[in-house]
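Open the model in your viewer and keep the selection panel at hand. This tour goes from pocket to pocket and ends at a single side chain.

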Amino acid sequence: MDEFDPRPGVAEQIAPGLRRVLAPNPSAMTWRGTNTYVLGQGQVTVIDPGPDDAAHLAALLQATAGEVVSHIVVTHSHLDHSPLAARLAAQTGAQVWAFGDSHSGRSAVMQGLVDSGYDGGGEGIDLRFAPDRFVSDGDVIDTPAGALRVLHTPGHMGNHICLCWGDAVFSGDLVMGWATSLVSPPDGDINDFLTSCAKLRADGAAVLYPGHGAPVTEPAARIDWLIAHRMERRTQVLAALTTPRDVAGLTAAIYTDVAPALWPIAARNVFAQLIELVGAGLVTAQPALTAGAVFARAP
């Protein structure tokens, strides 16, 4: 875990042309809080305005006082990243840019779960999120603070994007240094997550600025660890299926190094792994692929 411990509401210069304002929303899911980034000077771009919090809005307006906010860009629409975008846009006149609304970018497997009636999820989804401008993989957002090249990187959430700014990347919640990313169906997908991690690694960034925690200064090593960690969890799930188990039983058997209070969060990752294993034909789900199913190794 990194030693990241900034003060909420304070605009910190963390690199040339880049400031960070920490939102006052610390939790087990957000670490010290959400990182809102302010790019440029004079005419600035705000990345991930954060939760709908009056104090954080005031801090952002103070940080950009006397400047023009030209763009607001959202990496994904969880409640700790996107809700303040609408209020900040109303105050500044800037448009909100994103991949799409909260249902955009889901994999076919996850959409199939939704179509069958499954609507569970882990983190809170910003169902009201409605960007003004839509971007796709490979698009470039031309801002006065410099070009932002878009990488569509689903896995943590279907509409998740990373933003390449020179040799730096704003990695949202895909890659962080303080913790692994939650992959919670139907918004998160393990296959998508692994593909997105490999995609980000291949891009060759020198530094990652994540949605939570300190900058990741060795991106390739961190991404390699994250991929290996997911594959290790996959192996653990298979190994724990010596007898048929449900998600809760598997979580307790696998996450022995995690406090039981966090098992409901861990269970989301276990279910995501099981969905992938069922799709690969290595595990069966009875009576059907749901969060309440009993899972067993395929014969």
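Start with the lining of the largest pocket, coloured by residue type: 14 residues are nonpolar, six are polar and five are charged. Keep in mind that this is a predicted model. The space inside the largest pocket comes to about 580 Å³. Now select Ala28, Ala179, Thr180, Leu262 and Ile265; of the 25 lining residues, these are the closest to the pocket's centre. Next, show α5 (219-240) and α7 (263-279), the elements that each give two or more residues to this lining. Which element gives the most? It is α5, with four residues.

Move to the second largest pocket. It holds about 200 Å³ of space. Select Ser82, Pro83, Ala85, Ala86 and Arg128, the closest to its centre among 13 lining residues. Then highlight helix α2 (residues 84-92), which gives the most to this lining, with four residues. Colour the lining by type again: seven residues are nonpolar, one is polar and five are charged.

Last stop: Asp80. Find Asp80 in the loop between β5 (68-73) and α2. Is Asp80 buried or exposed? Asp80 is buried, yet it has no salt bridge. Select Arg230 as well: this is the nearest side chain of opposite charge, and it lies 14 Å away. What does Asp80 touch, leaving out residues up to four places away in sequence? Show Asn25, Thr30, Thr34, Gly50, Pro51, Asp173 and His212 to see these contacts of Asp80.

Methods. Residues numbered from 1 in each chain as written. Predicted model: local features only at pLDDT ≥ 70, side-chain atom pairs only at ≥ 80, totals over all residues. Heavy atoms only, no water. 1 Å grid on protein atoms, 1.4 Å probe; cavity = no way out; pocket = protein on both sides within 12 Å on 5 of 7 lines; lining within 4 Å. Points joined across faces, edges and corners; volume = space filled by probe spheres on them. Nonpolar A, V, L, I, M, F, W, Y, C, P; charged D, E, K, R; others polar. Buried < 20%, exposed > 50% of the residue type's maximum accessible area, 1.4 Å probe, protein only. Lys, Arg positive; Asp, Glu negative; His and termini not counted. Salt bridge = Lys/Arg side-chain N within 4 Å of Asp/Glu carboxyl O. Contact = heavy atoms within 4.5 Å.
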